[in-house]
Amino acid sequence: MGALVGCTALVLAVTGTASAQPGRGLERQVLPANDGWAAYGTGTTGGAAADAAHVYTVTTWEQFRAALADGGSAPKIIRVQGTIDADGPSCASFAVPGYDFDTYLKTYDPAVWGRTKNLDGEPDGSPEGLRRASAAQQDTYIKANIPANTTIVGIGKDAGFKGAGLQIKGVDNVIVRNLSFESPLDCFPQWDPTDTADGNWNSEYDSAVIYGSTHVWMDHDTFTDGDHPDSTLPYYYGRIYEQHDGELDIVKGADYVTASWNVFEDHDKTILIGNSDSASTAAVDRGHLKVTFHHNLFSNLIERAPRVRFGQVDSYNNHFVAGDGYSYSYGIGMESQLVAEHNAFTLPAGAKTGSVLKKWKESPLTADDNYVNGVPTDLIAVHNTEVPGEILQSGAGWTPTLRTKVDPAKAVPGLVDHCAGAGRPG
């Protein structure tokens, strides 16, 4: 309990308010009023109203999925105890008869197949068709659909999932707290010879995806690649055999999401808000994707913290710690309206401050009161000086109102580094 008490005391000292709700156990806590976009309208209560018959303690993947399926959308609380391994079966166990990776490599070698045609049209009996069928079997096993009115909470400091893909899809009112997520490892990435001039291996499976859902609170969770960082992955056709996708994706018209006090670390493509620029996607996403990020630690990431399309995204009081291979933090995409304020960035020697922002489309943003290596920095002005070919415009066009007390940017590293992540709920 020492770390928990210490963080509660630290939050109280800096903010003047404790983050816990006195008298309520962690599993019964609800999102506080005004705590980000997930507090909008009806707010987010998850399964706080669950009766005794709908409170479950689970220690295995099978128990977890059974608890999700029991009781439909009646309020439920699922208490996760210990680490639940969703990728226990070997990759070979998911492979359909006839699938052989060596044959796949020989068939689609760019020297044989070329680089101008993708594999989407390959028939079911081809190596690509057999890969698709194998991937479908893994997909069925490692994904878990979360119903409405659900709270999933880790019990203690070591609770979480290894290799799971939580699907918060088309539902309302979900809370996920105090859990560690080790990214799923895609057993069957697809080769796309047309993805960049050199081709790419593309994988599926996010640790969590919020797809068309509303009122979701992700709090005090830790997302990492764990035992399988990209540095351990092999190369084929001269490209990394990428077996990871995102840590948290928010897509397909999802709305009213708050991500607070989480740790996102050791990953490449971390968080995607809005997954396409296409007209069909715009029709679904425009006017939605309202998301708040506050008091999160983004550590040793390459990019997408987050990459934003369409959404009104409020990002404040976060700490970004760049490491080797750092590309950018905020991706400014199609019709995005990002407000990035009161954040702290720790960049290593040689990293350019202008790379914190990456322009993908012409979308003005607000970026005030941010500190880089302890120094107040105008992120937009520095970006425009260092990257004159990608000028960014200031002014997101809206002002966030759903915030609890905002901490001084200079205090953010000490506060967030000590108190964010699983095992440290306030």
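**Reading the labels on a predicted fold**

Colleague: Why is D266 called partly exposed?

Modeller: Buried means under 20% relative accessible area and exposed means over 50%; D266 has a relative accessibility of 31%, which falls in between, and therefore D266 counts as partly exposed.

Colleague: What makes the phi of D266 worth a remark?

Modeller: Most residues other than glycine have a negative phi. D266, although it is not a glycine, has a positive phi of about 50°.

Colleague: Where does H295 lie, and is H295 buried or exposed?

Modeller: H295 lies in the loop between strand 19 (291–294) and strand 20, and its phi is near 55°, a positive value in a residue other than glycine. The relative accessibility of H295 is 3%, which is under the cut-off of 20%, so H295 counts as buried.

Colleague: What is the omega of the bond between A305 and P306?

Modeller: Omega is about -5°, and the peptide bond that joins A305 and P306 is cis, whereas most peptide bonds are trans. P306 is found in the loop between strand 20 and strand 21.

Colleague: How do you know that strand 21 and strand 24 are paired?

Modeller: Two strands pair if there are at least two bridges between them; strand 21 (residues 307–308) and strand 24 (residues 330–332) are joined by two bridges, so they count as paired, and they run parallel. Within this pair, V308 stands opposite I332 of strand 24.

Colleague: In what order do the strands of the open sheet stand, and why are strand 3 and strand 27 said to be at the edges?

Modeller: The eight strands follow the order 3-5-10-15-18-21-24-27, with parallel pairing. Strand 3 (143–145) and strand 27 (357–359) each have a single partner strand, so one side of each is left without a neighbour in the sheet. Helix 2 (residues 61–69) packs on this sheet, where it touches strand 3 and strand 5 (165–169), and its direction makes about 25° with that of strand 3.

Colleague: What is the volume of the largest pocket, and which residues are the closest to its centre?

Modeller: The volume is about 1,200 Å³, and of the 47 lining residues, S203, E242, H244, D245 and K269 are the closest to the centre.

Colleague: Which element gives the most to the lining of the largest pocket, and how many of the lining residues are charged?

Modeller: Helix 6 gives the most, with five residues, and by class the lining has 21 charged residues, besides 14 nonpolar and 12 polar ones.

Terms used:
Residues numbered from 1 in each chain as written. Predicted model: local features only at pLDDT ≥ 70, side-chain atom pairs only at ≥ 80, totals over all residues. Heavy atoms only, no water. Helix = DSSP H or I, 4+ residues; strand = E, 2+ residues; numbered from the N terminus. Contact = heavy atoms within 4.5 Å. Axes fitted to C-alpha atoms, helices over the stretch in contact; angles between N-to-C directions. 1 Å grid on protein atoms, 1.4 Å probe; cavity = no way out; pocket = protein on both sides within 12 Å on 5 of 7 lines; lining within 4 Å. Points joined across faces, edges and corners; volume = space filled by probe spheres on them. Nonpolar A, V, L, I, M, F, W, Y, C, P; charged D, E, K, R; others polar. Buried < 20%, exposed > 50% of the residue type's maximum accessible area, 1.4 Å probe, protein only.
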